[in-house]
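User: I would like to learn how to read strands and helices in a model. Please take me through one.

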Amino acid sequence: MEARINIIGAIVLFLSAFLVSSATGEDLAFCLSSSGVKNFTTYYTTGDYLRLLNISIMNLRYAKPFVNKPVAVVLPGNKEQVAAAIRCSTSASWTIRLRSGGHSYEGLSSRDDGPFVLIDLMNMNRVSVDLDAETAWAEGGATLGEIYYAIATSSKRYGFSGGMCATVSRSGSPSDMAKLLHKWQTTANNVLEDDYFLQLAALPGSSSNQSAELISVFFSGLYLGPKASALAITDRVFPELNLTAQECAETTWAEGLIIIRGDNAVRTVEDLKNRFSYQKMFTKTKFDYVETPIPLSALESALKMLTRQPRASVLFDVHGGAMYRIPSDATPFPHRAGTLYGIEYFVDWPQEEDADYGVRYMKGLRRLYEFMTPFVSKNPRRSYVNSVDLDLGAIDWTDEKQLCRFDAVEVARAWGEKYFLGNYDRLVRAKTLIDPNNVFRHPQSIPPFPTKTLTRTGH
Ligand SMILES: Cc1cc2nc3c(=O)[nH]c(=O)nc-3n(C[C@H](O)[C@H](O)[C@H](O)COP(=O)(O)OP(=O)(O)OC[C@H]3O[C@@H](n4cnc5c(N)ncnc54)[C@H](O)[C@@H]3O)c2cc1C
């Protein structure tokens with residue numbers, strides 16, 4: 001059966017290759033070569049095409065054979081080659097997809113419904129650290145791990161906040177775990193100090209009893225100071241956690257991140273440089289922000305729902321500290337003072353479960369998200385652009401009829417304001433100045449105004 005699916009996949013792949021004009025593809029290859037871009041692969045050159053395309057697609061839902069493939073994968077080595085790749089693609093009317101790490105949950109860096117060129121920046125991953133100026137510059141293709149590595153090997157004193165995963169765990173009934181969660185949401189950004197970060201993740205089941213209706217809660221803590229102080233603070237403000245000295249480690253900042261990540265593929269600071277260390281899965285994610293503590297009864301009901309979702313997990317990311325001191329309009333990311341925490345609903349599953357359960361898993365996740373509606377931010381129900389979610393809406397840039405009927409700026413407001421709040425209009429103005437022809441686009445990209453309507457403001 002599997003072999004048959006693979007054959008069908010190969011035929012679909014071949015057909016989509018066939019449907020793209022070979023003359024234009026050859027023109028693209030000629031234009032790239034004569035512009036000094038040698039590092040690319042197309043349908044018309046065999047070899048590395050599928051390997052280079054798939055190597056960075058983190059969400060396997062978008063690596064399936066029937067997903068539309070790019071006419072070429074280009075790997076520029078410097079900004080001149082990026083410019084040449086964009087020129088060659090747009091002059092032949094190909095849509096462009098840019099890819100850095102390929103972690104987009106909706107595969108937005110690797111797919112398009114029409115013919116497109118994928119420009120992958122993985123070879124532009126240089127990071128330079130200037131300790132005197134307290135700055136680090138990273139090229140567009142550098143991963144978080146590569147940035148962590150560069151900083152960790154330059155200094156024992158400096159760090160850079162970014163993504164992380166779970167560590168110390170507790171498990172019990174939904175009702176007991178809801179009490180822990182309820183305590184955490186009123187503690188984590190009010191009582192704990194600026195230099196103590198504590199987030200958690202809830203999962204169905206427990207390591208000792210998979211069949212019972214239990215919930216496991218994993219706490220990730222990062223404290224900038226000695227272990228004894230971390231223990232004393234936790235005992236004082238969160239005694240329910242029963243944190244023990246054995247569960248804490250005193251390390252450098254980078255080693256601490258590795259412990260928190262808890263992944264066999266990354267054990268040393270050197271391993272942070274491996275951009276392909278994540279295990280790939282089929283995934284779907286959704287996101288909420290919470291401004292007022294969620295009642296205990298609602299948390300309990302949500303955790304009960306989670307016990308019926310074998311592949312789902314819910315991450316609670318505390319906000320506060322320095323994040324609150326940055327004004328909401330200082331950067332596009334607006335979720336600052338007043339935001340208690342973010343909730344990331346997440347489900348992933350392996351290849352062998354995809355055909356039978358994939359759709360069911362995603363439906364379960366959407367049900368949980370619906371259930372949470374009364375307890376999370378409103379008007380708009382806010383979201384986090386890194387957890388990009390096409391359920392919030394999308395624009396089909398190839399549908400010219402639709403684009404004539406609707407004002408793209410107003411259509412995109414549906415998700416643009418969820419991600420960026422009041423910064424959305426400013427982003428539209430910036431987009432209009434920087435990319436008036438909308439060369440860089442995807443189903444949830446910021447649209448430009450039609451050029452005539454642009455007015456400059458003080459921002
Ligand atoms: C396993 C996993 C763990 C994660 N953990 C976290 C976490 O802890 N915290 C968090 O905040 N997020 C997390 N995310 C989400 C992740 O941060 C976002 O998906 C982020 O956008 C990934 O960056 P990337 O460069 O890998 O994305 P890509 O998929 O390469 O790109 C994302 C989007 O940006 C565009 N783009 C890429 N490069 C450029 C460029 N140079 N110029 C213009 N546009 C560009 C792409 O076209 C695409 O639309 C996680 C994702 C995964 C898969």
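User: How many bridges join S1 to strand S2, and how do the two run?

Analyst: This is a predicted model, in which local features need pLDDT of at least 70, side-chain atom pairs count only at pLDDT 80 or more, and totals for chains, interfaces and linings use all residues. Residues are numbered from 1 along each chain as its sequence is written. Helices (H or I, at least four residues) and strands (E, at least two) are DSSP runs, numbered from the N terminus. Two strands pair if DSSP finds at least two bridges between them. Here 3 bridges join S1 to S2 (residues 72-74), and the two run antiparallel. Thr42 stands opposite Ala72 in S2.

User: What is the order of the strands in the open sheet?

Analyst: The 4 strands follow the order S1-S2-S4-S3, with mixed pairing. Strand S1 (40-42) and strand S3 (95-99) are the edges, each pairing on one side only.

User: Which residues of H11 are buried?

Analyst: A residue is buried if 20 or more other C-beta atoms, placed from the backbone, lie within 10 Å of its own. An α-helix has 3.6 residues a turn, so residues three or four places apart point the same way. In H11, the buried residues are Tyr361, Gly364, Leu365 and Leu368.

User: Where is the kink in H11 centred?

Analyst: The bend at a residue is the angle between axes fitted to the seven residues ending there and the seven starting there. In H11 (residues 351-371), a kink of about 75 degrees is centred on Tyr357.

Terms used
Expected span 1.5 Å × (residues − 1). Buried ≥ 20, exposed ≤ 12 C-beta atoms within 10 Å, placed from the backbone.
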